[in-house]
Amino acid sequence: MRILEGENVTKYFGGLAAVHDVDFDIKQGEIVGLIGPNGAGKTTLFNLISGALPTTAGEIRYKDEKITSLKPNKICKRGIARTFQLIKLFRNMTVFENVFLASLFGISGDMPESVAREESLELLNFVGLSAASETAAKDLTLVNQKRLEVARGLATKPELMLLDELMAGLNSTEVSLAMDLVTTIRDKGITIFMIEHVMKAIMNVCDRIMVLDHGVKIAEGTPEEITTNKTVIEVYLGE
Amino acid sequence: MESARVIYRKPFSLGILFIGLIVLSTLPLYVQPYLVILLSFVLMYVIITLSWAIFSGPTRYISLASAAFFGIGVYISAILGELWPLPLVIAAGGLISFILALFIGLITLRLRGMYFIIFTFGVSELIRHSILWWEAKFTGTVGRWVIVVDHTTVYFVLLIIFIITLFAAYLIKRSKFGLALRSIGEQEEAAAHIGIGVTSLKTITFAISAFFMGATGAIMATRWTYIDPAIAFSPLFSFMPVLMAIFGGVGQLYGPIFGAAIFALLEEVLITKFPYYYMLLFGIILIAAILFLPNGLVGLVDKIRKRRQ
């Protein structure tokens, strides 16, 4: 079953086409990777899906319902959560408050505080941040800040999670832990659409990969197909 | 240790609040009228600052529109004062300010930082000049007389508005919306992405804070007997709450309250004791406060508390 699909999705910044005529679809339960050189329009595409930016043209549908032109909070309530490439935590609030707030407002919006509290603690345990729950978010290390972003996204109870460069800046041990985290999240029944530059991670966890270059989708397929695709190699390595 | 301290601190501060309110509400029985008038003046600033802090404290949107809401209350009082009973006039002052703030909020709350500050200041100046123009053009006279109310009534009405404002501020702060307002101040984009309706939450909170400013304006008008746009919409009512809240610190509810009270008393003492150097001394104290108390009185209290442990 298709959970997310885009049709001729286009975004112009002035005269620059950041995303041009991109079609895509993501099936329930998949892990789909989105790769491409810097400036390819990957984060812009995420911003269009999550409602952070309005589209110039085209349509995005979530569970066969049009979500283009909805505000981010409405899109979150439909069941799409995301993390940010440049971490956007509530820096002066505690780790617990970051997750608790997402749990209170997320999909349900009227969850009793006691239930939200319990779920937040469970999620902190899930990402391994229980010990730091009373620490201010800004005092966490980079890898823990990224974990907190994931926990905060999960707290809204999404069915689709957009991960924007979760593994950038992590060392190799941290990357393999993060890969495990991604697959565990999928095993909970959450579909994942992820932007990534760490090839090892992308090749190992993704069922399918989409490649963007200059705002245009140039390839799509399984990791094996992508690694042998001529256009992709040209874009990444030059001719 | 930590939990033990929290347990005894809560009834303690509640007790202080309760005693304070009893003293304040019986005060006119045993002090001179001058003191009652002075305290009304202090309460006015406390309410405006506290209601300013309900919105601007957690969200960090610095509003300079307080004078607009206060002035609208003043004018409602001048227009309706002869026709309606006092409680209705005050409620109308609050309500019209509330509606105006909803409207202003919808236009301006999409702006951030400096743009928001300048826009709110512009809005309150725009309203002042529009009323000036309207008076000159249609009524032919600038300014109005206001029905006078005696000092004790003014004092008690202000006290009641203060208690309601404090209660509202407390309820908002400890609810999930209080936490959400803080998250808007921290990282608005992320707040929207976890399902918080940031625009409507900001607009409604902005309007609630305007309600109390309008109500205060409506009762304060009765003290002045004569008002005109320059008095009612004086930019001082926009700038003072900001200074007072910074002086007190916005992290806790008592910050803006004590900030405003101490500031207003200080102003009164300086004006009466040093009429020629008042502005100079006031400026020096303000600079010293910003240099040495970056987090206001709240920050100072926290520091002392930490040192004691």
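User: How many residues does the contact take from chain B and from chain A?

Analyst: This is a predicted model. In it, 19 residues of chain B and 27 residues of chain A take part in the contact.

User: What is the area buried between chain B and chain A, and which residues of chain B lose the most?

Analyst: The buried area is about 2,000 Å², with 65% of it from carbon and sulfur atoms. On the side of chain B, the most area is lost by B:Lys176, B:His193 and B:Ile194, together 36% of what that side buries.

User: Why is the meeting of B:Arg182 and A:Glu97 called a salt bridge?

Analyst: The N to O distance between the two side chains is 3.5 Å. The cut-off is 4 Å between a side-chain nitrogen of Lys or Arg and a carboxyl oxygen of Asp or Glu, so the pair qualifies. The count between chain B and chain A is two salt bridges. The side of chain B that touches chain A has eight nonpolar, five polar and six charged residues.

User: How do the axes of helix H4 and helix H8 of chain B cross?

Analyst: The axes of H4 (residues 86-108) and H8 (residues 198-224) come within 7 Å and cross at roughly 145°. The crossing of H4(B) and H8(B) is right-handed. Their contact holds 19 nonpolar residues, seven polar and no charged.

Definitions and conventions. Residues are numbered from 1 along each chain as its sequence is written. Chains are lettered from A and ligands numbered from 1 in the order in which they are written. This is a predicted model: local features need pLDDT of at least 70, side-chain atom pairs count only at pLDDT 80 or more; totals for chains, interfaces and linings use all residues. Side-chain values use heavy atoms; hydrogens and water are left out. Contact means heavy atoms within 4.5 Å. Buried area is the accessible area (1.4 Å probe) that two parts lose on being put together, summed over both. Ala, Val, Leu, Ile, Met, Phe, Trp, Tyr, Cys and Pro count as nonpolar, Asp, Glu, Lys and Arg as charged, and the others, Gly among them, as polar. Axes are lines fitted to C-alpha atoms, for helices over the stretch in contact, and angles run from 0 to 180 degrees between N-to-C directions. Helices (H or I, at least four residues) and strands (E, at least two) are DSSP runs, numbered from the N terminus. A crossing is left-handed if the near helix is turned anticlockwise from the far one by less than a right angle, and right-handed if clockwise.
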